[in-house]
Amino acid sequence: MKVAPRNYHLYPEKMPKLKADEFYMRRALELAQAQLGRTEPNPAVGCVLVRKGAIVGEGVTADGGRPHAETQAIKMAGSRAQQATAYVTLEPCSHYGQTPPCAKALIEAGIARCVIACIDPYPQVNWRGAALLQESGIDTVIGCCENEALELNAKFFKQVLAK
């Protein structure tokens with residue numbers, strides 16, 4: 001008996017959780033890839049907010065590095081960010097710089113879960129954003145599509161780790 005393949009692109013809500021995480025993270029990586037080379041000195045980051053199997057917000061680091069991907073996705077989603085899952089290609093920032101911390105913005109938006117492709121080695125972030133999310137009770141997953149995310153921002157990682 002021949003079984004028709006499941007078309008997860010049309011029905012992502014029917015995907016197993018791991019496949020869904022990869023599906024949405026790859027979308028976040030596509031967003032980041034489109035901005036590569038335009039966000040310096042910041043890395044190119046993509047963020048997708050998903051609620052009940054539907055994308056409710058998308059964001060990418062803007063030209064020159066600001067605004068950040070997470071805040072743009074939250075702005076697009078509005079109240080639909082509550083109880084959503086955030087897919088972020090790089091650990092959300094956790095410090096006050098030229099912008100407030102993105103980890104705090106995700107917490108305040110009321111997300112329930114955060115899937116992070118890779119940890120940000122920048123000394124002011126490095127595991128702190130993930131820790132803030134976890135301490136706030138947000139289910140935090142790290143490492144989905146990690147190799148792709150590391151490759152995407154290899155230049156940024158090299159600069160940060162060389163200091």
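## Cysteines, helices and a nonpolar core

The sulfur of Cys144 lies 4.0 Å from the closest cysteine sulfur, in Cys145, which is too far for a bond. A disulfide here is a pair of cysteine sulfur atoms within 2.5 Å, and a search of the whole structure finds zero of them. Cys102 is likewise in no disulfide, its nearest cysteine sulfur being that of Cys93, 3.6 Å away.

Before going further, some background: this is a predicted model, in which local features need pLDDT of at least 70 and side-chain atom pairs count only at pLDDT 80 or more, while totals for chains, interfaces and linings use all residues. Residues are numbered from 1 along each chain as its sequence is written, and side-chain values use heavy atoms, with hydrogens and water left out.

The pLDDT is the predictor's confidence in each residue, from 0 to 100. For the protein chain its mean is 90, and 90% of the residues reach 70 or more. Over residues 1–10 the pLDDT is below 50, and this stretch has six contacts beyond near neighbours in sequence (contact means heavy atoms within 4.5 Å). Where pLDDT is low, the predicted coordinates should not be read in detail.

Now to two of the helices (DSSP runs of H or I with at least four residues; strands are E runs of at least two, and both are numbered from the N terminus). The table lists their buried residues, buried meaning under 20% relative accessible area with a 1.4 Å probe, protein chains only.

Just after H2, Gly78 takes a positive phi of about 60°; H3 is followed by Gly110, with a positive phi near 85°.

What about the core? A nonpolar core is a set of buried Ala, Val, Leu, Ile, Met, Phe, Trp, Tyr and Cys residues joined through side-chain atoms within 4.5 Å. The largest has 45 residues, and Met25, Leu49, Leu106 and Cys114 have the most contacts inside it. Helix H1 (residues 17–35) gives the largest share, seven residues.

Note on methods. Buried means under 20% relative accessible area, exposed over 50%, partly exposed in between (1.4 Å probe, protein chains only).
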